[in-house]
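Dear colleague,

Please find below the structure for your records.

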Amino acid sequence: MLRDSFGRHITDLRLSVTDRCNFQCVYCKPQLEGRWVDRRELLTFEELERVARIFVSLGIEKIRITGGEPLVRQNVESLIGRIARIPGLRDLCMTTNAYILADKVEELRKVGLQRVSISLDTLNSEKFTAITGQDSFQKVLQGIDAALAAGLKPVKVNAVIMRDINDDELIDFARFARDKGVVFRFIEFMPLDADHQWSRNRVVTLEEMLRIISAFKGLVPLPPHTLSETARRFQFEDGDGEIGIIASVSRPFCGQCSRIRLTADGKIRTCLFSIVEYDLRALLRSGAGDSELCDFIRDVVDHKEERHHINDPDFQPPRRDMSLIGG
Ligand code: SF4
């Protein structure tokens with residue numbers, strides 16, 4: 001089992017398969033074409049499958065496929081199929097902006113994808129275009145419906161809540177969760193945007209969100225599925241619908257962190273906010289054997305940070321932006 005120096009079990013791998021994205025979300029601001037990582041630097045499907053296999057052999061139970069936008073990686077379905085067949089992998093999910101999900105979801109389900117988390121930061125079509133840079137609100141709604149119809153369960157919908165941008169929609173999002181039967185998760189705005197426009201006063205905290213939503217409908221806390229679950233879960237008191245709040249800034253959950261990340265260009269990040277990275281790709285491409293890779297990963301986990309430092313005066317945001325980390 002992978003255990004860090006604070007005794008935390010690392011069971012959850014976030015695997016980024018590309019830095020490319022077809023959106024330009026204001027809280028991320030991915031690199032534009034021309035500044036993307038050279039394709040030769042991205043891990044190949046063979047390399048991604050091999051490292052996934054090695055991580056699972058070290059006790060990883062859950063793999064979340066991320067990006068950029070994972071569905072823009074060509075033939076990503078075949079990669080999902082290869083990873084889904086790894087013995088011992090218990091949970092395979094994906095975070096996507098759903099722009100092309102409706103076209104691919106049936107195939108993804110067939111090859112073994114179990115669930116999806118879909119980013120949707122507004123229910124207003126014009127605001128959607130302003131936040132994402134893409135006029136494709138309806139396509140994302142179709143993606144949500146297609147995921148529900150394909151039987152991926154649960155379908156989670158994530159919104160990054162930013163003051164004076166979409167915090168006026170908290171009750172609309174709650175209604176959407178109840179009407180659609182999706183789990184809506186509200187994410188506190190984090191300092192991961194490429195142009196470093198984040199500031200604390202733009203963060204809408206868990207307390208504020210709870211106050212606003214429970215004025216609409218009473219909420220009952222739900223127990224976490226696992227100790228390391230990032231969202232605090234709530235059910236509406238009438239039993240109709242569930243929401244979650246991921247409060248990384250106001251209520252950090254690092255004490256139970258079970259996560260490790262691999263970037264699309266093969267760097268291990270032991271924390272979302274790491275300012276150091278470990279080059280697994282170099283080792284992979286140097287012909288290292290599986291046991292050497294296992295030793296390297298164990299050693300890296302031993303150096304996992306205790307927590308993020310967002311609330312510390314000397315906080316330094318990561319040098320990589322979100323689209324190159326993969327959330
Ligand atoms: S901020 Fe880092 S340590 Fe904290 S929960 Fe996230 S990944 Fe884990």
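The following notes describe the sheet and some of its strands.

Please bear in mind that this is a predicted model. Twelve strands form an open sheet of mixed pairing, in the order β7-β8-β9-β6-β5-β4-β3-β2-β1-β10-β11-β12. At its edges are β7 (219-222) and β12 (278-279), each of which pairs on one side only.

Strand β9 (residues 242-246) received particular attention. Five of its five residues are buried, so β9 is largely enclosed by the rest of the structure. E242, G244 and I246 point one way from the strand, while I243 and I245 point the other way; residues of both groups are buried.

Strand β6 (residues 183-188) pairs with β9 in the parallel sense over four bridges, and F186 stands opposite I245. Strand β8 (residues 232-236) runs antiparallel to β9 and is likewise joined to it by four bridges; here F234 stands opposite I243. β8 and β9 form a hairpin with five residues between them, and G239 in the turn has a positive phi of about 80 degrees.

Elsewhere in the sheet, strands β4 (residues 115-119) and β5 (residues 156-161) are paired in the parallel sense over three bridges. I118 has V157 in β5 as its bridge partner. Helix α5 (residues 137-149) lies across both β4 and β5, and runs at about 160 degrees to β4.

Yours sincerely

Terms used: Residues are numbered from 1 along each chain as its sequence is written. This is a predicted model: local features need pLDDT of at least 70, side-chain atom pairs count only at pLDDT 80 or more; totals for chains, interfaces and linings use all residues. Side-chain values use heavy atoms; hydrogens and water are left out. Buried means under 20% relative accessible area, exposed over 50%, partly exposed in between (1.4 Å probe, protein chains only). Helices (H or I, at least four residues) and strands (E, at least two) are DSSP runs, numbered from the N terminus. Two strands pair if DSSP finds at least two bridges between them. Contact means heavy atoms within 4.5 Å. Axes are lines fitted to C-alpha atoms, for helices over the stretch in contact, and angles run from 0 to 180 degrees between N-to-C directions.
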